[in-house]
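Dear colleague,

I am handing over the structure we spoke about, and below it you will find my notes on what turned up in it. Please read them with the model open beside you.

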Amino acid sequence: MLIPARILNRKEKEVVPAIVSLTSIPSRLSTLHLVIRSLLNQDSSPKKILLWLNDDLKGKLPNKLSRLESDIFNIKYSPLTCSHRKLVHTLECYPEDIIITCDDDLMYRKNWLSKIYREHQKQTDVIIGNHTVHVNHDNENNPLPFKQWRQKYVTVTNPKALVPIGAWGILYPPRSLSKITVDSELFLKLAPKADDLWFKAMALLNGTLSVQSTDLPKEPIPIVGSQKVALKKENLGKDKNTEQWNALNKAFNLSNLILGQ
């Protein structure tokens with residue numbers, strides 16, 4: 001039995017000074033309320049939860065999602081059709097706030113928010129990822145294909161090479177990304193379907209390190225059927241991540257920033 005919305009939205013819990021921000025697509029709207037409920041049911045409460053949807057979805061949301069709106073949970077709309085909207089608009093609206101992004105196909109454990117915020121309190125000037133990969137280079141300092149990046153974080157020797165991956169949650173401190181992060185013309189040209197890679201490039205341009213969280217909650221719970229439409233199928237299956245990272249690398253000399261050349 002689902003917890004009533006009026007109970008989920010009670011303000012009796014400790015408030016974490018951070019905004020949780022996410023986006024979604026039409027095929028996941030029928031189960032999206034489960035994700036939002038998991039965020040509202042945390043053992044501590046964020047300042048806000050912002051859900052960014054495309055303008056075309058105005059007036060078309062299922063009641064089980066829209067009735068969860070409150071002072072904490074707000075649904076916003078954007079002309080963008082890409083996944084970058086989960087962060088860029090919140091950066092524009094709340095540039096001085098901690099922003100934590102998450103995905104729309106997972107239910108998050110009750111201590112997910114409090115754990116990543118405690119990690120932030122240990123290192124307030126870094127980006128924190130619950131799941132990360134590592135950019136690997138060949139002997140000529142060219143980036144290897146994305147599928148060859150995947151290493152356990154304990155083997156990382158260059159912290160600049162660590163890339164947070166969004167599904168399990170990423171915490172961005174205020175002013176941790178370049179001012180051009182919100183340039184939609186640029187990210188749609190260079191990395192239209194790889195928001196995580198775009199945000200990593202923007203962190204490198206800003207000189208901000210990314211770290212792997214050392215105090216992980218249990219893995220989020222996947223929502224059955226939510227992966228029928230997923231960017232990762234194209235980005236990994238067709239190696240689009242490699243293509244988009246190479247475009248970012250060419251535009252911003254990212255390998256030089258990572259390797260310190």
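How do the residues of the lining of the second largest pocket divide into nonpolar, polar and charged? They divide into six nonpolar, four polar and four charged, where Ala, Val, Leu, Ile, Met, Phe, Trp, Tyr, Cys and Pro count as nonpolar, Asp, Glu, Lys and Arg as charged, and the others, Gly among them, as polar.

Before going further, please keep in mind that this is a predicted model, in which local features need pLDDT of at least 70 and side-chain atom pairs count only at pLDDT 80 or more, while totals for chains, interfaces and linings use all residues. Residues are numbered from 1 along each chain as its sequence is written, and side-chain values use heavy atoms, with hydrogens and water left out.

**The chain overall**

The secondary structure of the chain comes to 10 helices and 11 strands, these being DSSP runs numbered from the N terminus, with helices as H or I of at least four residues and strands as E of at least two. Of its 261 residues, 51% count as buried; here buried means under 20% relative accessible area, exposed means over 50%, and partly exposed lies in between, with a 1.4 Å probe and protein chains only. Among the contacts (heavy atoms within 4.5 Å) with a separation of 6 or more, 81% are accounted for by residues 24 or more positions apart.

**The pocket and Arg175**

About 230 Å³ of space lies in the second largest pocket, and of the 14 residues that line this pocket, Leu91, Pro95, Arg175, Leu177 and Ser178 lie nearest its centre. The search runs on a 1 Å grid over the protein atoms alone: a cavity is a set of points where a 1.4 Å probe fits but cannot get out, a pocket is an open set with protein on both sides within 12 Å along at least five of seven lines, and lining residues have an atom within 4 Å of a point. Grid points are joined across faces, edges and corners, and a volume is the space filled by probe spheres set on the points.

Arg175 sits in the loop between S9 and helix H6 (184-190), and it counts as exposed because its relative accessibility is 58%. Its phi is near 60 degrees, a positive value in a residue other than glycine. Most residues other than glycine have a negative phi. Asn253, in the loop between helix H9 (240-252) and helix H10 (254-259), also has a positive phi, near 55 degrees, and is partly exposed, with a relative accessible area of 45%.

The whole structure holds two cavities of 30 Å³ or more, and the second largest cavity has a volume of about 30 Å³. Lining this second largest cavity are Ile127, Pro164, Ile170, Tyr172, Asp196, Phe199, Lys200 and Ser210, which by class are five nonpolar, one polar and two charged residues. Strand S9 (170-172) and helix H7 (195-206) each supply at least two residues of that lining, and the largest share, three residues, comes from H7.

H7 itself is largely enclosed by the rest of the structure, because 10 of its 12 residues are buried; Asp196, Phe199 and Lys200 are among them. The end C-alpha atoms of H7 are 16 Å apart, which agrees with the 16 Å that its 12 residues should span at 1.5 Å a residue, the expected span being 1.5 Å times one less than the number of residues. Just after H7, Gly207 takes a positive phi of about 75 degrees.

**Other points to check**

Helix H2 (residues 32-40) is mostly covered, with eight of its nine residues buried, including His33 and Arg37. Phe146, in the loop between strand S7 (132-134) and strand S8 (162-164), is buried at a relative accessible area of 3%; Phe146 and Lys240 are 94 residues apart in sequence and 8.7 Å apart in space, C-alpha to C-alpha. Glu219, in the loop between strand S10 (210-212) and strand S11 (221-222), touches Arg109 and Trp168, not counting residues up to four places away in sequence.

Lastly, a search of the whole structure finds zero disulfides, a disulfide being a pair of cysteine sulfur atoms within 2.5 Å. Cys82 counts as buried at 7% relative accessibility, whereas Cys93, at 47%, counts as partly exposed.

With best wishes
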